[in-house]
Amino acid sequence: MKSYAINEAGMATNAQYIASPNFDTRPASVPENRPENEISLVVIHNISLPPSQYGGSGIIELFTNQLNPDEHPYYAEIHTRKVSSHFLIRRDGALIQFVSCLHRAWHAGASNWNGRERCNDFSVGIELEGSDFEAFEPTQYHKLKELIASLTSTYPIQDIVGHSDIAPIRKTDPGPYFDWSQIDKIHKN
């Protein structure tokens, strides 16, 4: 099933690469005698820009700090945010990578998983083009499964969670229409 390999540079083969400046290095020292630069968590998100509209360039522009605040009223609220994700899976199944898995993408914000704060330190973020208000496309689940298979064969992934699991007070994604039974999750509380 795996059509993507994650190379030594943390890049998925066969994915389109669009560089985001919104990343930094993972911490060299981690708590509880865990390995340096540990990648043990996958966080699934949803995003659409403008909200509930698909196929445009808004997500790419947000992740590359090029969002024009005059293009949409919502953009005026968010255009200064410095955010990114490792991956985006479009509605048609296209896979875009913005940040190497070896680096810390800025996708989770204030977060906690199993007592560990700052989930960006040890996670890979995957955005699905979508919203909390409608189902995701079958091709997105297919690509997500392929990508997760590649990630779990490359890194010691222990858990696959939603953004709402690590930041439940402020986040709802991937939302009620995300079908967790579509992926082979390692663990989900």
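Predicted model: local features only at pLDDT ≥ 70, side-chain atom pairs only at ≥ 80, totals over all residues.
Local features need pLDDT of at least 70, side-chain atom pairs count only at pLDDT 80 or more, and totals for chains, interfaces and linings use all residues. Residues are numbered from 1 along each chain as its sequence is written, and side-chain values use heavy atoms, with hydrogens and water left out.

Six strands form an open sheet in the order β1-β5-β4-β9-β3-β10, with mixed pairing. The edge strands, β1 (16-17) and β10, each pair on one side only. Helices (H or I, at least four residues) and strands (E, at least two) are DSSP runs, numbered from the N terminus. Two strands pair if DSSP finds at least two bridges between them. Strand β3 pairs with β9 in the parallel sense over seven bridges. Here H45 stands opposite E127 in β9. Strand β3 also pairs with β10 in the parallel sense, over four bridges. Here V42 stands opposite I160 in β10. Strand β10 spans residues 159-162. D159 and V161 point one way from β10, I160 and G162 the other way, and all are buried. Buried means under 20% relative accessible area (1.4 Å probe, protein chains only).

The largest nonpolar core has 26 residues. Such a core is a set of buried Ala, Val, Leu, Ile, Met, Phe, Trp, Tyr and Cys residues joined through side-chain atoms within 4.5 Å. I44, F87, I126, L144, L151 and F178 have the most contacts inside the largest core. Strands β3, β4 (87-89) and β9 (123-129) and helix α3 (138-154) each supply at least two residues of this core. The largest share, five residues, comes from α3. Beyond its neighbours within four places in sequence, L151 is in contact (heavy atoms within 4.5 Å) with I6, V42, F87, C101, V124, I126 and I157. A second, separate core of 15 residues includes I18, I47, I59 and I78. In soluble globular proteins, nonpolar side chains tend to be buried together.

The largest pocket holds about 670 Å³ of space. A pocket is an open set of points on a 1 Å grid over the protein atoms alone, where a 1.4 Å probe fits, with protein on both sides within 12 Å along at least five of seven lines. The volume is the space filled by probe spheres set on the points. The lining has 28 residues, with an atom within 4 Å of a point. N46, I47, Y74, R81 and K171 lie nearest the pocket centre. Strand β3 (41-47) and helices α1 (58-63) and α2 (73-78) each supply at least two lining residues. The largest share, three residues, comes from β3.

Notes:
Buried < 20%, exposed > 50% of the residue type's maximum accessible area, 1.4 Å probe, protein only.
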